[in-house]
Amino acid sequence: MASKALLPLLLVSTALAVPQAAAQQAIGVNLDYRDTSVKPGDDFDQFANGGWRARTEIPADRSNTGVSFEVFQKAEKRNADLVREAGAGNPAPGTPQRMIADYYAAYMNTAAIEAQGLKPLEPRLAEIRAVKSKRELARLLGRQLQADVDPLNNTDFGTENLFGLFVAQGLSDPSRNVPYLLQGGLGMPDREYYVSQEPAMAKLRTAYQGYVADMLKLAGVSDPAGRAARIVALEGRIAAAHASRDESDDIHKANNLWTARQFASNAPGLDWSAYFAAAGLDKQPNFTVWHPGAVKGLSALVGSEPLETWKDWSTFHTLNQSAPFLPAAFTDRRFAFYGTAMQGTTKQRDRWKRALSATNADLGDAVGKIYAAKYFPASSKAEVQGMVKNILAAFDRRIDALDWMSPATKAQAKAKVQSLRVGVGYPETWRDYRGLVIRPNDPVGNYWRARAYETRHQLAKLGKPVDRGEWWMTPQTVNAVNLPLQNALNFPAAILEAPYFDPTADAAANYGSIGSVIGHEISHSFDNLGAEFDAQGKLHNWWTPADLAHFKGATKRLADQYSAYEPLPGLHLKGDQVLGENIADVAGLAAAYDAYKMSLGGKEAPVIGGLTGDQRFFLAFAQGWRTKVREAALRQQVVTDGHSPARERVLTVRNLDPWYDAYQVKPGEKLYLAPADRVRIW
């Protein structure tokens with residue numbers, strides 16, 4: 001999908017891998033990670049990473065381990081140093097450094113957290129108890145609305161609040177920002193956890209109900225078991241009204257413009273005037289409703305379900321969202337469900353690591369500005385910008401070479417490439433946190449005030465000129481993203497580190513690793529979603545009918561290819577769900593390969609470590625997806641995520657002719673595809 005981040009959330013934080021030997025840095029790949037007992041043409045991931053996987057244990061506090069943590073851990077250590085330095089410098093009140101130090105200190109002061117108990121949360125819980133009517137409930141639900149979803153840039157559809165808010169350019173009119181309203185209200189990741197009849201899902205539903213009851217009991221709520229049963233039953237009805245993941249991914253089903261007045265007739269049940277007034281949206285005339293059926297269904301449930309059940313539901317979700325900042329009994333019980341039951345992780349991350357994650361989540365630009373200035377040299381930025389330029393040129397040439405595409409469609413595609421705005425390292429402008437109150441003794445309050453600040457920041461964009469240079473990731477994030485409405489890319493500083501990018505490594509490895517990442521994000525502008533947007537970020541069809549039919553036929557072949565993969569016994573990938581990422585993988589790897597060959601200036605690549613340049617290129621790509629994951633976490637990814645698992649992403653190579661030549665892959669080997677069966681899209 002054109003708007004997804006490179007990595008799923010499950011893989012952004014993984015664990016230590018075997019360190020590369022210094023002698024292998026020049027090659028940029030690790031020969032010891034291979035399993036040479038396996039033919040590349042039978043299982044390329046096992047060939048590239050099997051030796052590492054056999055020697056590697058997943059740490060108890062992780063759901064997976066792999067290459068991304070070699071980069072993530074470096075960023076985490078740097079962030080820890082930055083936070084310590086911020087506190088040691090005794091910064092002035094109200095400065096970003098003071099906010100960082102106070103936020104972190106409050107999170108780490110467990111003695112104070114235990115002593116305060118639920119007292120910091122009591123005003124919010126009392127607000128819920130005070131609700132006496134459905135109109136007051138609507139106001140409560142409106143006050144709970146947060147800008148906490150992102151359906152386009154990060155394909156993040158999930159919020160525990162009744163609805164989610166996203167503020168960005170309009171789909172049909174990218175010249176102005178509009179509010180998008182999305183479905184919400186669930187405590188588990190997706191509707192499938194509520195409606196699926198698979199035994200594993202049924203087991204998780206039972207565990208979830210027990211978790212809800214335990215959280216209510218810890219809060220001193222009467223009849224926790226009975227209330228939990230009613231809460232989970234309500235969420236089951238909410239889930240039944242939800243759109244599926246495939247429906248959520250369909251951009252044409254999302255482009256629904258409603259006026260504020262239409263909500264009462266289109267979605268009766270909720271007092272919309274009270275809801276919008278409490279949410280700060282009462283002056284907003286128009287909304288884009290991403291999930292119209294769900295908005296209608298959830299609004300009806302507000303009207304039909306008992307007031308007390310909604311209050312219990314709100315109480316639980318307030319506790320659930322606050323749990324990381326509450327006493328250990330709440331934090332530990334939350335981890336037991338979301339960490340252990342859902343992902344198979346047996347040990348919670350160290351407190352200081354969780355404190356860093358929370359600080360980055362709520363003060364991301366404050367930390368990021370310091371991070372970028374200290375850790376991202378101009379030389380790295382220049383080199384990556386050079387690679388981006390080369391890969392864009394390669395992609396442009398690939399468009400020229402498409403024999404099935406008409407000149408009219410080619411002109412539109414080339415215009416997208418030429419106007420693509422690429423951000424490397426960090427944004428040009430930084431978030432201003434003035435007005436946000438951070439106290440060194442109020443972790444619960446800091447969290448909720450930061451959430452409210454973020455929502456106000458997003459709402460303030462309404463009616464303002466569109467910022468096409470807006471960043472949607474912080475510099476210290478180990479990821480990358482394509483922004484379809486802005487026709488732009490973000491490559492944060494933290495991902496531009498070895499082994500993804502190593503300025504001392506061979507070009508083959510850099511193009512196979514970070515080059516394929518760059519190509520992937522460029523290609524998202526031309527996947528099944530990105531191809532719906534033009535060079536200005538407007539949703540409209542710029543294809544001739546024949547070209548569009550050819551494109552859709554090729555993408556269907558790729559979806560069918562991935563639907564045949566079975567990461568766990570009986571659990572196949574859904575080819576349509578992961579199609580956008582797989583288009584970007586295939587097209588991005590092809591463009592990166594072409595750019596690598598162009599970088600050689602017509603010369604032959606040297607043989608290093610017994611490997612040709614092409615062999616190193618494809619090996620670097622495969623080792624860039626080096627991963628080991630727990631079964632529960634893998635199952636969750638397959639059900640909920642738009643990314644294929646790492647092992648299946650390595651199989652991208654099956655569709656590139658040069659891989660067959662590089663590793664002498666022959667008919668009869670398990671991964672061999674006849675030339676006519678290899679999917680070529682861009």
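Helices and strands here are DSSP runs, numbered from the N terminus. The model is predicted.

**Exercise 1. Find where Asp61 sits in the chain, and decide whether Asp61 is buried or exposed.**

Solution. 
1. Locate the elements on either side: helix H2 spans 44–55 and strand E1 spans 64–66. Asp61 belongs to the loop between them.
2. Take the relative accessible area of Asp61, which is 15%. Buried means under 20%, so Asp61 is buried.
3. List the contacts, leaving out residues up to four places away in sequence: Asp61 touches Thr345, Lys347, Gln348 and Arg349.

**Exercise 2. Describe the place of Pro440 and its contacts.**

Solution. 
1. The relative accessible area of Pro440 is 43%.
2. Setting aside neighbours within four places in sequence, Pro440 is in contact with Asp102, Ala105 and Ala106.
3. Take Ala105 from that list. Along the chain, Ala105 and Pro440 are 335 residues apart, while 5.9 Å separates their C-alpha atoms.

**Exercise 3. State which residues and helices line the second largest pocket.**

Solution. 
1. Begin with the volume of the second largest pocket, about 480 Å³.
2. Its lining has 23 residues, and Asp249, Asp250, Asn528, Lys552 and Leu579 are the closest to the centre.
3. At least two lining residues come from each of helix H11 (245–249), helix H12 (251–254), helix H24 (545–563) and helix H25 (579–599). H24 gives the most, with 6 residues.
4. Sort the lining by class: 9 residues are nonpolar, 6 polar and 8 charged.

**Exercise 4. Count the cavities of 30 Å³ or more and describe the largest cavity.**

Solution. 
1. The count is 7 cavities of 30 Å³ or more.
2. The largest cavity holds about 70 Å³ of space.
3. Its lining is made of 12 residues, with Gly28, Pro499, Ala620, Gln623 and Gly624 nearest the centre.
4. By class, this lining has 6 nonpolar, 5 polar and 1 charged residues.

**Exercise 5. Find where the pLDDT is below 50.**

Solution. 
1. For the chain, the mean pLDDT is 93, and 96% of the residues reach 70 or more.
2. Residues 9–25 have a pLDDT below 50. This stretch has 59 contacts in the model beyond near neighbours in sequence.
3. Where pLDDT is low, predicted coordinates should not be read in detail.

Notes
Residues numbered from 1 in each chain as written. Predicted model: local features only at pLDDT ≥ 70, side-chain atom pairs only at ≥ 80, totals over all residues. Heavy atoms only, no water. Helix = DSSP H or I, 4+ residues; strand = E, 2+ residues; numbered from the N terminus. Buried < 20%, exposed > 50% of the residue type's maximum accessible area, 1.4 Å probe, protein only. Contact = heavy atoms within 4.5 Å. pLDDT = per-residue confidence, 0-100. 1 Å grid on protein atoms, 1.4 Å probe; cavity = no way out; pocket = protein on both sides within 12 Å on 5 of 7 lines; lining within 4 Å. Points joined across faces, edges and corners; volume = space filled by probe spheres on them. Nonpolar A, V, L, I, M, F, W, Y, C, P; charged D, E, K, R; others polar.
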